[in-house]
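Here is a short report on a protein model. It covers the overall fold, the cross-links, the charge pairs and one surface patch.

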Amino acid sequence: MLYLSPILGQVSYSIPEEMAKGSLVGNIAHDLGLDDLGIDVKRLKSGKARIHSADSGEYIELNKDRGVLLVKERIDRETLCGETTPCALHFHIILENPIEMFRITVEITDINDNSPNFASNEKRFEISESAVIGSKFVLEKATDPDIGLNGLQSYSLKPTENFILKLENQADGSKKIEMILQKSLDRESQEQISLLLTALDGGEPQMSGTMQIYVTVLDANDNAPVFSKPVYKAVITENSPKGTSVATVSASDRDKGSNGEISYIITKSKRLSELFQIDRKSGEVILVGAVDFEKAKHYQVDIEAIDNGGLSDSGKIVVDVIDINDNSPNVNVLSKSDNIHEDSPPNTVIAMLSVNDPDSGQNGQVTCSMNENIPFKIESTLNGIYSLVTETALDREIASQYNISVTCSDEGVPSLSSSVTLTLHISDVNDNAPVFEKTSYEAYIVENNTPGVSIFTVKARDTDWNQNARVFYIMEDSSVNGVPVSSYVSVSADSGVIHAVRSFDYEQIKDFQFRVKAQDGGSPPLSSNVTVQILIQDQNDNAPQVLYPVQSGGSLVAEMVPRSADVGYLVTKVVAVDVDSGQNAWLSYKLQKATDRALFEVGLQNGEIRTIRQVTDKDVVKQRLTVIVEDNGQPSRSATVNFNVAVADSFPEVLSEFTDFTHDKEYNDNLTFYLVLALAVVSFLFIMCLVVIISVKIYRWRQSRLYRSSLPVIPYYPPRYSDTLGTGTLPHVYNYEVCRTTDSRKSDCKFDRTGSQNILIIDPSSGTMQRIQSEKSILDEPDSPLELLAMMPI
């Protein structure tokens, strides 16, 4: 990366022109070191010192090994600067790591290497003998490219018998040369006069140039032409096309005839003659070359008006050149960086540019700008030197490369511009942690899975590059029900694929969660976490289980249905459960087999067995039902239960029919035993009826006394009081409502027979039959003396 050093120095040298190639200009390393800039030969080498010049040619070179500046090409001051003084070369020495720049000025001093020179070797005059003393004859000026004392200093004219020289200073610093007649001419005595005009400079050694002047004496022409103005001013824009009229001059001559005819000429100058011409008759000055404001801002054209008698007058035209915006700014890259780290601080220098516009005024005022929406800015550090620096923090993840286009425009109308494009690559640093695609994950797996099966994949992305963006997945240590989570699942470090380590059982565990960490390969590494929840999905791997009626090999359950039962009479209810969940645990009940399908039906959802028609005397006593319980899984699982239903109003009627049940169960007990047992049961029931009747009578008698008491009645409900119409899995019970007075020896008891049924249990092993029958009419009597009734489960 490059930083712009705030230390900028300037060193100036002075050398004469025409020095030989390789001549020493100055010890730059020593001279810069004298200014406490810390520059030495080693610094020149390590900083890759080089010279940058905005000029078209390079005249000075840098010897980094010696730390000196040498003449690279022959320097001709006149070619380089012309008449401009002082003449100097300006360039910069640029160092890198860090970037430093020093302004160097080398002044080129003049030597007397040019002699004065006239544009023509000779000058001819035709002068009338009547020319008055003091007549002026303009002579051509000599030119000397040298300046100062080495330039043109004086003129001499020989012989001086008839003419003398007169030098007149002009506004531009030049001298107007005139030959003055000091003695009247006599054609008869001397028709031709030869003079030698010598121009001298002041150099050492002194140099000169000559021009031969021939004067032809004519007959009398005593009036010279006179210009209407001594100075004509004209304005022309640069790059005007050839043929453009610059100005028109005018002179008059009081003579008549041929002596009054005037012709116009431009005093010969090689440089001006390539740019301007004058019409000899009309005096119109025409542009014949290209004028460039950047080379010359104005021109002075010397003109003469000459009549046919040889008399003349001199004048001049001052032509001012107007600048137009014909030059685009020149943009040069002095130094630049190709790569920069994304964590580089603001104001980091990435490039240095040199910008100049040869136009003047507003046309030469340059402003530089960059393309928008990039984190860089351009700053002007010196006249024409710009630095590109970072403006804000960089982020490679937003942009890994910038094409920085710098456009420099001048303020001319229309404005001209130049552009340069720099490509800058942003180097990555590990400043972004991996980010999961979701804030949390849920995955499903069906129970009874194969160990090692892939469950799903977590995915994290890192916006960094290369190794900084390589993501590894790690499962954090945790436990599920006291067991390490690693015994349940594993995660692939490279792909993030989560595998099942074991086979899951939905009935044991329904879900669990753990955390996965995504870590990149940067240094230091960055990471992030995500919670993963695994949900076990149930399979239909459990068949329904029948809770009621309980199926056992020791006894058969028989339900009794009285012949007076109405349609919809509840015979019994099948209670079953399925340990699966969801639709796998949805149970449906169907009547698979029945002795008489027209008599019974099973509730599809609740398992209730009810009559679907009125029981008749023709219906057989022994009815056998087989109910199948199916779940809603795929494939469906089922269980079956068998019922024995006795259609009868009394137990004796049942006995003969239900003896066959024991044969179905392969019991071979003697039928006589059952008859004796039935007789004993009937006798016991008869005695119980008598006891109940007596108890009712006593109860009514005590109740009549209770009604006469003023004590309050407090209701009491036994703890097992419940609704027998529920569909739960508990066995049917008798429900009683007991009311007691504050006198613990006196109570009022009411028997609730809701949900009571007649149940016949046959024990095949003993050949006996037990009966549990709900009482109806006896217990309804209000005079029963019972104080406590037990609940009898079915």
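The report moves from whole-chain totals to single residues.

**Basis.** This is a predicted model, in which local features need pLDDT of at least 70, side-chain atom pairs count only at pLDDT 80 or more, and totals for chains, interfaces and linings use all residues. Residues are numbered from 1 along each chain as its sequence is written, and side-chain values use heavy atoms, with hydrogens and water left out.

**Overall.** The protein has six helices and 56 strands. These are DSSP runs numbered from the N terminus: H or I of at least four residues for helices, E of at least two for strands. Of its 794 residues, 43% count as buried. Buried means under 20% relative accessible area, exposed over 50%, and partly exposed in between (1.4 Å probe, protein chains only). Accessible areas come from the Shrake-Rupley method with a 1.4 Å probe; for residues, only the protein chains shown count as cover. Among contacts (heavy atoms within 4.5 Å) with a separation of 6 or more, 68% are between residues 24 or more positions apart.

**Disulfides.** The structure holds two disulfides, each defined as a pair of cysteine sulfur atoms within 2.5 Å. In sequence order, the bonded cysteines pair 1-2, 3-4. Cys-81 bonds to Cys-87 with an S to S distance of 1.8 Å. The torsion about that S-S bond is about 65°, so the disulfide is right-handed. Cys-81 and Cys-87 are both buried. Cys-368 and Cys-408 form a disulfide with sulfur atoms 2.1 Å apart. Its torsion is about 105°, so this disulfide is right-handed. The pair links distant parts of the chain, 40 residues apart: Cys-368 sits in strand 27 (residues 366–370) and Cys-408 in strand 30 (residues 401–410). Cys-368 is buried at 14% relative accessible area, and Cys-408 is buried at 0%.

**Salt bridges.** The whole structure contains 21 salt bridges. The criterion is a side-chain nitrogen of Lys or Arg within 4 Å of a carboxyl oxygen of Asp or Glu. The table lists three of them.

| Pair | N to O distance |
|---|---|
| Glu-304 and Lys-123 | 3.9 Å |
| Glu-379 and Lys-377 | 3.4 Å |
| Arg-461 and Glu-437 | 3.6 Å |

Arg-461 lies in strand 35 (residues 460–461) and Glu-437 in the loop between strand 32 (435–436) and strand 33 (440–446), so the pair ties together parts 24 residues apart in sequence. Arg-461 is exposed at 54%. Elsewhere, salt bridges that share partners join Arg-77, Glu-78 and Asp-110 into one network.

How accessible are the partners in the other two pairs? Glu-304 is buried at 3%, and Lys-123 counts as buried at 17%. Glu-379 is partly exposed at 31%, and Lys-377 is partly exposed at 27%.

**Asn-325.** This residue lies in the loop between strand 23 (312–322) and strand 24 (330–336). Asn-325 is buried, at 13% relative accessible area. Its side chain makes a 2.9 Å polar contact with the side chain of Asp-410. A polar atom of the Asn-325 side chain also lies 2.9 Å from the backbone oxygen of Pro-414. A polar contact is a pair of N or O atoms within 3.5 Å; within protein, one must be able to donate a hydrogen and the other to accept it, and residues adjacent in sequence count only if both atoms are side-chain atoms.

**Surface patch.** Phe-686, Ile-687, Leu-690, Val-691 and Ile-693 form a nonpolar surface patch with about 470 Å² of accessible area together. Patch residues have over 30% relative accessible area and no salt bridge; like charges are joined within 9 Å, nonpolar side chains (Val, Leu, Ile, Met, Phe, Trp, Tyr) within 5 Å. Phe-686 is found in helix 6 (residues 671–708) and is exposed at 54%.
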